[in-house]
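Please report on selected local features of the protein shown here.

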Amino acid sequence: MQDHVLKVAGMSGSPRIALIRSESVHAAPSAASLWYAGDQAQTFPSAEACCRQEWPVEAIVLDTASPERVFEWLRELRQDPRLAHRPVYLTSDPGAWILAASDGLVPAPTRLRIDLDAFNACCMALAKTEHLDERSRLLAFLYVRPEQVIEPQLDCRQPGYYRYPLFDLFAPPRSEGFEWGDGLRRGGMLEIVKLVNRLRKCPGCGGSHLNFIDVCPDCHEIDIGENIYFHCHACGHVAPQDAFVTRNGLACGKCSAKFRHIGVDYDRALECFGCNVCSARFIEPDVEARCLQCGVHSATSELPELRVHSLRITDSGRLAARHGHVAARPATHDTQRNLTSVFFEQTLNWM
């Protein structure tokens, strides 16, 4: 092992903790990282070095103030077959959306020992200690955290405004976490907890960065304005109010009729909008959606809906995690290994 790795000299049976702290960080160690200095943890300079070691790790502590580095380390750890479901704690708060993808801020050593005892007892129900594919890793992660709810996080840099940090960590390389997680939901491994938001998607690129704007119903240009139009009862001429203003008061510019009484000599036309491009007059403008990513123009009725939910593992997902079979959706037994009522009745009918 390299010189910077500290050998564990603690008592037998104490938790095996890995402390990842980059040597390039010149800041003084945080108070939380000092709890696990010396014989409390084994130190590694990167997540990659931690994944390479053969020492069985029970928990990992990430000591860095960089949110980008935290997320990079988390992704490396969640892609490792042995460490994907293990607790990962942080020594500082890098932001709500990254904190939600970890196990939170690291507790004191005495508290951590208690938490790890309960965590390890839950892990004993898993059929495997190594999870080779990404779906198995996520389901094992959720199984040993029965109260975990996968919450979407608002991120305006994303095409759909939302992202699931947990899916981003577990998704295969070059996969989009949002769509990958939705595939698990459609497969019955995850279920909806509540509806968080409803968005509209561009039919061209699927993004939600849309600008809803009023346009002319005839030429679909945006150069429109709201005006007051007068209607002459004598000749039927309709024009903006300014066209009827003369030195002697209001009068029709076409037939010169004097406007004395509204409702008798003239009235206001129903059209109150005008287009400065094609000169069309209309009562209400059309509303058009223009994508700020790909530039596609669409009617609002053509925009598909995007529903964003918070999710959690289902009974089928827990059963798949415990048995280690994710490819097929279990349909014959529930989580207590009892026959489901549908399968039982079908068996009786067959017999």
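Most residues other than glycine have a negative phi. The model is a predicted one.

His220 also has a positive phi, here about 60°, and is not a glycine either. It belongs to the loop between strand 8 and strand 9 (224-226). With a relative accessible area of 39%, His220 counts as partly exposed.

## Aromatic pairs

The whole structure holds six aromatic pairs. One of them joins Tyr164 and Phe167: the ring centres are 4.9 Å apart and the planes meet at 40°, so this pair is tilted.

Tyr164 has a relative accessible area of 4%. For Phe167 the value is 0%. Ring pairs extend to a cluster of Tyr164, Phe167, Phe178 and Trp180.

Three strands form an open sheet in the order 8-17-18. The pairing is antiparallel. Strand 8 (210-215) and strand 18 (297-299) are the edges, each pairing on one side only. Neighbouring strands are turned by 35° against each other on average, direction ignored.

Strand 17 covers residues 286-291. Three bridges connect strand 17 to strand 18 in the antiparallel sense. Glu288 has Ala299, in strand 18, as its bridge partner. At the other edge is strand 8, and the loop between strand 8 and strand 9 carries His220.

## A nonpolar surface patch

Which residues form the nonpolar patch on the surface? They are Leu339, Phe344, Leu348 and Met351. Together they have about 440 Å² of accessible area.

Met351 lies in the segment after helix 10 (341-350). Is Met351 buried or exposed? Its relative accessibility is 72%, over the 50% limit, so Met351 counts as exposed.

Definitions and conventions: Residues numbered from 1 in each chain as written. Predicted model: local features only at pLDDT ≥ 70, side-chain atom pairs only at ≥ 80, totals over all residues. Heavy atoms only, no water. Pairing = 2+ DSSP bridges. Helix = DSSP H or I, 4+ residues; strand = E, 2+ residues; numbered from the N terminus. Axes fitted to C-alpha atoms, helices over the stretch in contact; angles between N-to-C directions. Patch = residues over 30% accessible without salt bridge, like charges linked within 9 Å, V, L, I, M, F, W, Y side chains within 5 Å. Areas by Shrake-Rupley, 256 points an atom, 1.4 Å probe, with all protein chains shown as cover. Salt bridge = Lys/Arg side-chain N within 4 Å of Asp/Glu carboxyl O. Buried < 20%, exposed > 50% of the residue type's maximum accessible area, 1.4 Å probe, protein only. Phe/Tyr/Trp six-rings, centres within 6.5 Å; stacked < 30°, edge-to-face > 60°.
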